[in-house]
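I opened my notebook today to look through one structure, step by step. Here is what I looked up, in the order I wrote it down.

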Amino acid sequence: MSQSIETYDDAILSNLSGTLSPQAAEGILSLGFSEDQRRVMRLLAEKARAGELTEDEREQATSFERISSLLGILQSRARVALRNAGP
């Protein structure tokens, strides 16, 4: 039985070792999509809801979803690192 890409991603990310310095954690928390990227994501979401995505747009939307998920996981770890670093 083969695992999906997301399952592999989750398994790899959950087993990463190491610690984040407060500066690195703050840097990760400052990362985000540009306004142009958010505009494209909104457009792709609208087209997806209408069932009008081309194959290229579907691939682009999937890439945004994967990067967004990864960013969310990294930012969650950054918040934990800052909380554990104390005052």
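I began with a definition: helices are DSSP runs of H or I with at least four residues, strands are runs of E with at least two, and both are numbered from the N terminus. This is a predicted model, where local features need pLDDT of at least 70 and side-chain atom pairs count only at pLDDT 80 or more, while totals for chains, interfaces and linings use all residues. Residues are numbered from 1 along each chain as its sequence is written, and side-chain values use heavy atoms, with hydrogens and water left out.

**Entry 1: a patch on the surface**

I looked up Tyr-8 and found it in helix α1, residues 5-14. For exposure I used these cut-offs: buried is under 20% relative accessible area, exposed is over 50%, and partly exposed is in between (1.4 Å probe, protein chains only). Tyr-8 has 41%, so I noted it as partly exposed. Together with Ile-12 and Leu-16, Tyr-8 forms a nonpolar surface patch of about 310 Å² accessible area. Patch members have over 30% relative accessible area and no salt bridge; like charges are joined within 9 Å, and nonpolar side chains (Val, Leu, Ile, Met, Phe, Trp, Tyr) within 5 Å. The areas come from the Shrake-Rupley method with a 1.4 Å probe, and for residues only the protein chains shown count as cover.

**Entry 2: helix α4**

How far apart are the end C-alpha atoms of helix α4? I read 45 Å for residues 55-85, which agrees with the 45 Å that 31 residues should span. The expected span is 1.5 Å times one less than the number of residues. After α4 comes Gly-86, with a positive phi near 80 degrees.

I also listed buried residues of α4, among them Glu-57, Phe-64 and Gln-75. The buried residues of α4 pack against α2 (22-30) and α3. Gln-75 counts as buried at 14% relative accessibility. Its side chain reaches the backbone oxygen of Ile-28 at 3.2 Å. Leaving aside neighbours within four places in sequence, Gln-75 is in contact (heavy atoms within 4.5 Å) with Ile-28, Leu-29 and Leu-31.

**Entry 3: Met-41**

I found Met-41 in helix α3, residues 35-49. Is Met-41 buried or partly exposed? I wrote down partly exposed, because its relative accessibility is 22%. Beyond its neighbours within four places in sequence, Met-41 is in contact with Phe-33 and Phe-64.

**Entry 4: salt bridges**

Side chains of opposite charge can pair when their charged atoms come close. The rule I used for a salt bridge is a side-chain nitrogen of Lys or Arg within 4 Å of a carboxyl oxygen of Asp or Glu. By this rule I got four salt bridges.

Glu-35 and Arg-38 meet in one of them, at 2.9 Å from N to O. Both lie in helix α3, three residues apart, about one turn of the helix. Glu-35 also forms a salt bridge with Arg-42, with the closest N and O atoms 3.1 Å apart.

Lys-47 pairs with Glu-57 in a salt bridge, with the closest N and O atoms 2.6 Å apart. Lys-47 lies in helix α3 and Glu-57 in helix α4, so this pair ties together parts ten residues apart in sequence. Lys-47 is partly exposed at 22%, whereas Glu-57 is buried at 16%.

Key: Polar contact = N/O pair within 3.5 Å; in protein donor to acceptor, adjacent residues only side chain to side chain.
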